[in-house]
Amino acid sequence: MKGKGKERYRRAAGKAFMASVLAVTLFAGTCMSASAGHFITDPATMCSRYQEDDGSFAEFKWVQIDGYVNSGRWVYIGPQGYVITGDCISPCPVIPGADGVYMVDQRVRSVTGTAGQQPAFSLPSAQRDLQYKGLRQALDMIPLYPDASTGSPEMDERLDQIFAQIITPDMDTHDKLKACYDYLIVNTFDPRYEEGQASYENIPVTEIYSTNSDAALLFYTGSGVCDNFAAAFAVMAWKIGVPMYIVNGDTSSSRGGYTPHAWCQLDGADGTVYIFDPHIDYGIALRSGKASSYARFGVPAARVAGKYAGVTRIFDKVR
């Protein structure tokens, strides 16, 4: 992995990309407004609040953003007027968690593949499991609805080029996902943890703040943070036909406590939730100087229950 042996891996607590974008946008003060009120920055907490025109603070409602780069998107206002979600495409269920964290259930992928598409199934495989017993069989039992397009001709072309290098006809679903996982770990990097060259030219235009835009940033620059790793892996999975989805929340930190994070999940037919976290495995590879340990490649969520917490958003999940 280019450059991975040159710099010691550093853990950084920073906020996930989407959360930081929202913070920069909303913390701009009163320059952003929505109907019947406006956003302000609370000087005591430096968090965004939504204040009605009569001076009161709205609570437990969706507000549409107006007048900035993410105009038209929505945020949810929680107790005392505080903005408690990232910006979303549309209003959706908000579920209070036992730990006081609110989760946005933004399931925006109503179908996979194309209208009327019949499901395909993986090639049967007698190969052994890579890391977790039963994972290969679970993956190979999933009906596949490959996405015909990302909606961006440039992205489609880039994915076709990547798949031509890493996917072969004899691979089952498990090995196709592994090939995508390997590609991200070997060929992309997080600029907070290692040096590298990234070009921000010729990135295709996609819907801003979407999974496709996060993925495009990684595919075209070769660099990104956890949001970009998760988005890229999800888009690759959709091209294969696997209904991967993305979760925002917290993951345990090597320094103790938790830090904001994004990862992928997949629901098995038997109700098992499988976690795929290419960014964490990238970090493990970077620290060790070796190939991925696949510690988070399809790990059953129950086995790492203490390592993921505070889920704030689930999106791109099939309804």
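What share of the contacts in the protein with a separation of 6 or more is accounted for by residues 24 or more positions apart? Such residues account for 58% of these contacts.

**Figure 1. Overview of the predicted model.** The protein has 7 helices and 12 strands. Of its 319 residues, 50% are buried. The structure shown here and in the following views is a predicted model.

**Figure 2. Packing of helix α3 against helix α4.** Helix α3 covers residues 153–166, and helix α4 covers residues 173–187. Their axes lie 10 Å apart and form an angle of about 110°. The two helices are therefore roughly perpendicular to each other. On the α3 side, the residues taking part are Ile162, Phe163 and Ile166, which meet Ala179, Cys180 and Tyr183 of α4. Sorted by class, this contact of α3 with α4 consists of 6 nonpolar residues, with no polar and no charged ones.

**Figure 3. Helix α4, residues 173–187.** The 15 residues of α4 span 21 Å from the first C-alpha to the last, close to the 21 Å expected at 1.5 Å a residue. The buried residues of α4 include Ala179, Cys180 and Tyr183, each of which meets α3.

Figure 4. Thr211 has a relative accessible area of 9% and so counts as buried. A polar contact of 2.2 Å joins the side chain of Thr211 to the side chain of Asp316. With neighbours within four places in sequence left aside, Thr211 is in contact with Ala231, Val235, Trp238, Ile246, Phe315 and Asp316. After α5 comes Gly222, with a positive phi near 80°.

**Figure 5. Helix α6, residues 226–240.** Helix α6 has 15 residues and reaches 21 Å between its first and last C-alpha, close to the 21 Å expected at 1.5 Å a residue. Because 14 of these 15 residues are buried, α6 is largely enclosed by the rest of the structure. Ala231, Val235 and Trp238 are among the residues in contact with Thr211. Just after the helix, Gly241 adopts a positive phi of about 115°.

**Figure 6. Gln51 in strand β3.** Strand β3 is formed by residues 48–52 and includes Gln51. The relative accessibility of Gln51 is 18%, so this residue counts as buried, the cut-off being under 20%. Its side chain reaches the backbone oxygen of Gly55 at 3.1 Å. Beyond the neighbours within four places in sequence, the contacts of Gln51 are with Gly37, His38, Ile40, Ser56 and Phe57.

**Figure 7. Val75 in strand β5.** Val75 is located in strand β5, which covers residues 74–77. Val75 counts as buried because its relative accessibility is 0%. Between Val75 and Ile89, the separation is 14 residues in sequence and 9.1 Å in space, taken from C-alpha to C-alpha.

Note on methods: Residues numbered from 1 in each chain as written. Predicted model: local features only at pLDDT ≥ 70, side-chain atom pairs only at ≥ 80, totals over all residues. Heavy atoms only, no water. Helix = DSSP H or I, 4+ residues; strand = E, 2+ residues; numbered from the N terminus. Expected span 1.5 Å × (residues − 1). Buried < 20%, exposed > 50% of the residue type's maximum accessible area, 1.4 Å probe, protein only. Axes fitted to C-alpha atoms, helices over the stretch in contact; angles between N-to-C directions. Parallel < 35°, antiparallel > 145°, perpendicular 65-115°, else oblique. Contact = heavy atoms within 4.5 Å. Nonpolar A, V, L, I, M, F, W, Y, C, P; charged D, E, K, R; others polar. Polar contact = N/O pair within 3.5 Å; in protein donor to acceptor, adjacent residues only side chain to side chain.
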